[in-house]
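Me: I am new to this structure and would like a short tour. Please give me the idea behind each feature, then the case here.

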Amino acid sequence: MVMFDKIVGIEPLGLEPFAIDALYTLAKEVVLYDDLPQTDAEIIKRISDADAVLVSYTTEIREPVLRTVPNVKYIGMCCSLYSPESANVDILFANAMGIDVRGVRDYGDVGVKEYVIHELVGFLHGYNGKMYKDMPYEITDLKVGIVGMGTTGRIIKDVLQNFDADLSYYSRTRYEDVENEGVKYMDFYALLEDVDVLFTCLNKNVILMDQDAFNHFGHGKVMFNTSIGPSFEVDALRKWLDEGSNEFFCDSNEALGNLALLDHPHVNCRGRSSGRTKQALVRLSEKVLKNIHDFQEN
């Protein structure tokens, strides 16, 4: 296994201490920054003589940076990587420059199902002040739609099936195994019109809930966004919420998309990721190290 000459973590990475210790066995020099670089020039300054770079989800590494750092041959994303289009690293250009970019998946999704049950049950039963109907309501037979049947969508599907929800889904890909479990596939607009509670579980930068979609969704409804970023157009969401009989839930400010919405009476945002648990950070750390090991061994 060939060691790196220098690993640079250009921003806070969220890695556990055991992973930080391990980095020092994988490179001759390790430099880890505890603040965010504010400009491309600062990013370039930090990684100019590094051959390996670690980045979380906050800082973007785009073509102008990649053109000026010829020593870099590996970029490790200490965050979820779903597709090159949704990444905060220009993966296609990096690959064209001979830079290997690797991210992780499925490390923070477990906490999402606990968040979903906490908020949904609290709202249905009125435990947190607001209540869905004029008396407590069960998840049993509740019409729930899931948009996106990736890892998070499947986790939500599994937990709500345990509560006997009436589940439907929409996805670009149909899944026979999901439908064999009794989850109905529906066209997007038909699903919006049919369900009472909607979960959007989409890749970063995928926006499906525009004004037309909210018109189909209608009112007296509940929406959860469990995507990393907003799954909706902000103005369309605000107009839908202003009607007064709808409720919106998300865990993090990133999933809300616009902090001006925090003050809306029908927005329920916790301000932090439900996937950022102790166990999730351990899984993240293990997967980041495995990516480095796999690259060095090959």
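**Reading the model**

Reply: Ile20 is partly exposed, at 22% relative accessibility. Buried means under 20% relative accessible area, exposed means over 50%, and partly exposed lies in between (1.4 Å probe, protein chains only). This is a predicted model: local features need pLDDT of at least 70, side-chain atom pairs count only at pLDDT 80 or more, and totals for chains, interfaces and linings use all residues. Residues are numbered from 1 along each chain as its sequence is written, and side-chain values use heavy atoms, with hydrogens and water left out.

Me: Where is Ile20 found?

Reply: Ile20 is in helix H1 (residues 17-23). Helices (H or I, at least four residues) and strands (E, at least two) are DSSP runs, numbered from the N terminus. Ile20 and His216 are 196 residues apart in sequence, and their C-alpha atoms are 49 Å apart in space. Val116 gives another case: its C-alpha is separated by 40 Å from that of Asn298, 182 residues apart along the chain. Val116 belongs to helix H5. Val116 is buried, with a relative accessible area of 0%.

Me: How do I read a pair of aromatic rings?

Reply: Such a pair is described by the distance of the centres and the angle of the planes. Rings of Phe, Tyr and Trp (its six-membered ring) pair if their centres lie within 6.5 Å. Planes under 30 degrees apart count as stacked, over 60 as edge-to-face, and the rest as tilted. By this rule the structure has 16 aromatic pairs. In one of them, Tyr132 and Tyr137 have ring centres 5.5 Å apart and planes at 85 degrees, so the pair is edge-to-face. Tyr132 is buried at 14% relative accessibility, while Tyr137 is partly exposed at 33%.

Me: What are the distance and angle for Phe232 and Phe248?

Reply: The centres of Phe232 and Phe248 are 5.4 Å apart, with 80 degrees between the planes, an edge-to-face pair. Phe232 lies in the loop between strand E10 (222-225) and helix H10 (234-242), and Phe248 in strand E11 (residues 247-250), so the pair ties together parts that are 16 residues apart in sequence. Both Phe232 and Phe248 are buried.

Me: Which residues form one aromatic cluster?

Reply: Tyr115, Phe123, Tyr132, Tyr137, Phe199, Phe224 and Phe249 do.

Me: Can you show me another contact of Phe232?

Reply: Look at Leu208. The C-alpha atoms of Leu208 and Phe232 are separated by 6.0 Å, with the two residues 24 apart along the chain. Leu208 sits in the loop between strand E9 (197-200) and helix H9 (211-217). Leu208 is partly exposed, at 28% relative accessibility.

Me: What does a charge over a ring look like?

Reply: The rule asks for NZ of Lys or CZ of Arg within 6 Å of the ring centre and within 35 degrees of the ring normal. Here the charged end of Arg46 sits over the ring of Tyr33, 4.1 Å from its centre. Arg154 lies over the face of Tyr175, at 4.9 Å from the ring centre.

Me: How many disulfides does the structure hold?

Reply: It holds 0 disulfides, a disulfide being a pair of cysteine sulfur atoms within 2.5 Å. Cys78 is in no disulfide; the nearest cysteine sulfur, that of Cys79, is 7.1 Å away. Cys78 is buried at 1% relative accessible area, and Cys79 is buried at 2%.

Me: Which residues line the second largest pocket?

Reply: First the idea. On a 1 Å grid over the protein atoms alone, a pocket is an open set of points where a 1.4 Å probe fits, with protein on both sides within 12 Å along at least five of seven lines. Lining residues have an atom within 4 Å of a point. The lining here is Glu114, Tyr115, His118, Glu119, Asp251, Arg270, Arg272, Ser273 and Ser274. The second largest pocket has a volume of about 150 Å³, a volume being the space filled by probe spheres set on the points, which are joined across faces, edges and corners.

Me: How does that lining split by class?

Reply: The lining of the second largest pocket has 1 nonpolar, 3 polar and 5 charged residues. Ala, Val, Leu, Ile, Met, Phe, Trp, Tyr, Cys and Pro count as nonpolar, Asp, Glu, Lys and Arg as charged, and the others, Gly among them, as polar.
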